[in-house]
Amino acid sequence: MDLDVFVSAHRAEWDRLDALLARRRRLTGAEADELVTLYQRAATHLSVIQSAAPDPQLTGRLSQLVARARSAVTGTRRASWRDVTHFLTHGFPAAVYRARHWWVPTALVSTAVAALLGWWIGTHPEVQASIAAPAELREMTRPGGQYETYYSSNPATSFAAQVWTNNAWAAALCLILGVFLGLPVLWILFQNMLNLGVGFGLMSSAGRLDTFLGLVLPHGLLELTAVFVAAGTGLRLGWTVVDPGPRTRRTALAEEGRAALAMAIGLALVLFVSGAIEGFVTPSGLPTWARITIGVVAELAFLAYVYVLGGRAARAGATGDLEESERSATVPTAA
């Protein structure tokens, strides 16, 4: 496409649209109809330029013009509590449900890796010696040692806030860095499994695996599930770069990226719950069975939320992306 010829042919329409937008509060009925028609044409022109002859300066000008026209035609939409409710009951659970073919295998493989690392560390004294000196290992694993006092080392409120911040940041990194072919996600995931495997191995070698599981399971089930969801979604985003499917790579990344951003918000809420459990339930004086039961109930509630609400919303067409009416208009492009 000859960009200069295209601009010359349509510049007058863009200028006319700009003039109508400048006085949109004083338009006649015919002029309002003209504004709608010119907006639709400008949106089509923008899509054609982006796909056939992208020019940064022209694309920027038309994007701004189309955005102003869209606001004039559709009106400014403000978020409401209804949007929040719709996100929590449709958008977020549907996005997690749709990504299940990524995060469920991620969870299974990661758990197996953590178990293997724990077994390797727990059965090889030379590996334990490379982690810390024998005296330090005894201090960590003894009754009342560092593994047990860690959860009560700070006031519950501040500890829960710190845990929530750290976990939410790790989940966000998985979602954001997934675009780099998923490689950073694998590293973040391995670091988490390594930390879990070290604790598993050291406490099992000291004959205190039951204590370790009693401390980890109450909050760890929900916390690790959230991390696995974030990692699986990040890996799916990375695969989108490699294979966008029938969509253009730009469109595929935009759709999956918006869904991943929404998922980051939802997972922050999930991690808030797990952080509260870790801050208030894990170090509490409740019996081990009661603490683990709370963790299992929280995990089952999240899975039911995803597979029941999320499955129903996904089958109804929800994806976790913006509603169709809120997305930018595009026209079909040649493959």
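Modeller: Contact here means heavy atoms within 4.5 Å. With that term, T240 is in contact with R249, A252, L253 and E256, leaving aside its neighbours within four places in sequence. T240 lies in helix 11, which covers residues 209–242; helices are DSSP runs of H or I with at least four residues, strands runs of E with at least two, both numbered from the N terminus. At 6% relative accessibility T240 counts as buried (under 20%; exposed is over 50%, partly exposed in between, with a 1.4 Å probe and protein chains only).

The model is predicted, with local features needing pLDDT of at least 70 and side-chain atom pairs pLDDT 80 or more, while totals for chains, interfaces and linings use all residues. Residues are numbered from 1 along each chain as its sequence is written, and side-chain values use heavy atoms, without hydrogens and water.

Apart from neighbours within four places in sequence, N167 is in contact with E223, L271 and E278.

The unreviewed UniProt entry lists residues 102–121, 168–189, 221–239, 259–277 and 289–308 as "transmembrane region"; such annotations may be inferred rather than shown by experiment. In the model, residues 259–277 are 100% helix and 0% strand, with 27 Å between the end C-alpha atoms. Residues 168–189 are 77% helix and 0% strand, and their end C-alpha atoms are 14 Å apart. L181 is found in the loop between helix 9 and helix 10 (183–205). The phi of L181 is near 60°, a positive value in a residue other than glycine.

Helix 13 (residues 288–315) packs with helix 5 (residues 100–123) at an angle of about 155°, the axes being 13 Å apart. The two helices are therefore roughly antiparallel (over 145 degrees), and their crossing is left-handed. Helix 5 brings R100, W103 and V104 to the contact, and helix 13 brings L303, V306 and Y307. By class, these residues are five nonpolar, no polar and one charged.

Helix 13 also holds I294. The relative accessible area of I294 is 33%, which means that I294 is partly exposed. Beyond its neighbours within four places in sequence, I294 is in contact with V281 and L286. I294 and T282 are 12 residues apart in sequence, with their C-alpha atoms 9.7 Å apart in space.

The segment after helix 13 contains A316. A316 has 69% relative accessibility and so counts as exposed. From A316 to A94 the separation is 222 residues in sequence and 9.5 Å in space, C-alpha to C-alpha.

Another helix pair is formed by helix 2 (residues 29–52) and helix 3 (residues 56–74), whose axes come within 9 Å and cross at roughly 150°. The crossing of helix 2 and helix 3 is left-handed. Among the residues making the contact are L35, Y39, H45 and Q50 of helix 2 and L58, S63, R70 and V73 of helix 3. The residues of this contact divide into 13 nonpolar, four polar and one charged.

Methods:
Axes fitted to C-alpha atoms, helices over the stretch in contact; angles between N-to-C directions. Parallel < 35°, antiparallel > 145°, perpendicular 65-115°, else oblique. Left-handed = near helix turned anticlockwise from the far one by under 90°. Nonpolar A, V, L, I, M, F, W, Y, C, P; charged D, E, K, R; others polar.
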